[in-house]
Every structure is written in structure tokens, then in C-alpha cells.
Amino acid sequence: MTSRLLQVTIDCRDPHRLAGFWAAVLDYRVIEDKDDLVEIASWEPTVEAVRREPMPSTVMFIRVPEDKVTKNRLHLDVMPIDVSQADEVERLIGLGARRVDIGQGEQGWVVLADPEGNEFCVLRSIAP
């Protein structure tokens, strides 16, 4: 048996705010909410479901005392499925993201940062 990727954990100053942002980005819902952590997902993880097959990762936001200081070594990529890349970038900026330049130059993706400065990429759209 192999291991399954169950969740991605993001350290942050305000887990509720950041979970709200990412839930809106990904169309996920909150599945766990405590003072210092919030978990969002598109499904309810159960032992049976995890054993059966790989499923989309949940995303856990955990409060830490320090601010983000440098460029992420690991980042998330999102892909618009029903709108253009440009329209999705504008939607995400409306939710609280901002454009960032990490030296990417002219690429087929757009680099944004979430409300706490974590970089992520918006890839090309697969909208029909």
C-alpha cells in the first residue's frame, strides 16, 4: 500500500480569513473550524474514501506567530475551468489576491499572491 496525499497545510497569521479566501477560489467548504486552524475541502474525508482511491487534497490553515518572509518553495497552481484566464485573475483579485513579480517574466501563467502573500499561479483556462 502507498501513502495518499490527504492535505496541504499552510501556515498563516489568520486561518479564518485565508481559509475564506481559498474556499472562494476553489469552491471548497469548511470541514473543520477551530480557533487556530481551519480546514477546507471539496469532499468529506472518511477512512473508507481515503482507502478507496486518491481524492483531491484538503487544505488546512494553521495559525503561526511569524509572518511570511520569502518566496514560497512550494506553491499552488489553479486552472480556470469555465472562464478565461484573464477573467479568473480579475475574480481572484476581487477576492483579495494581488499580482506579484517573482522574476517569472512573460509566461503562460499569471503569478498572484493570496491575502497573506503566498504566491500561486493561475494557469491557462480550459473553458470551452
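The questions and answers below concern a predicted model.

User: In what order do the elements of the protein chain run from the N terminus on?

Analyst: The secondary structure consists of three helices and eight strands. Read from the N terminus on, these elements follow the order β-α-β-β-α-β-β-α-β-β-β.

User: Why does the radius of gyration of the protein chain agree with that of a compact globule?

Analyst: The C-alpha atoms fill a box of roughly 45 × 40 × 25 Å along the principal axes. For 128 residues, a compact globule would have a radius of gyration near 14 Å, so there is agreement with the value for the protein chain, 15 Å.

User: Which element gives the largest share of the largest nonpolar core?

Analyst: This core has 21 residues, and W22, I40, F61, L92, L112, F120 and V122 are those with the most contacts inside it. Elements that give two or more residues to it include β1 (7-12), α1 (15-26), α3 (85-95) and β8 (119-122). The largest share, six residues, comes from α1.

User: Which residues does V122 touch, leaving aside those up to four places away in sequence?

Analyst: V122 is among the residues with the most contacts inside the largest nonpolar core. With residues up to four places away in sequence not counted, V122 touches V78, P80, Q85, E88, V89, L92, W109, V110 and L112.

User: What percentage of the contacts with a separation of 6 or more joins residues 24 or more positions apart?

Analyst: Buried residues make up 33% of the 128 residues in the protein chain. Among contacts with a separation of 6 or more, the part from residues 24 or more positions apart is 57%.

Note on methods
Residues are numbered from 1 along each chain as its sequence is written. This is a predicted model: local features need pLDDT of at least 70, side-chain atom pairs count only at pLDDT 80 or more; totals for chains, interfaces and linings use all residues. Side-chain values use heavy atoms; hydrogens and water are left out. A nonpolar core is a set of buried Ala, Val, Leu, Ile, Met, Phe, Trp, Tyr and Cys residues joined through side-chain atoms within 4.5 Å. Buried means under 20% relative accessible area, exposed over 50%, partly exposed in between (1.4 Å probe, protein chains only). Helices (H or I, at least four residues) and strands (E, at least two) are DSSP runs, numbered from the N terminus. Contact means heavy atoms within 4.5 Å. The radius of gyration is taken over C-alpha atoms; the globule rule is 2.2 Å times the number of residues to the power 0.38.
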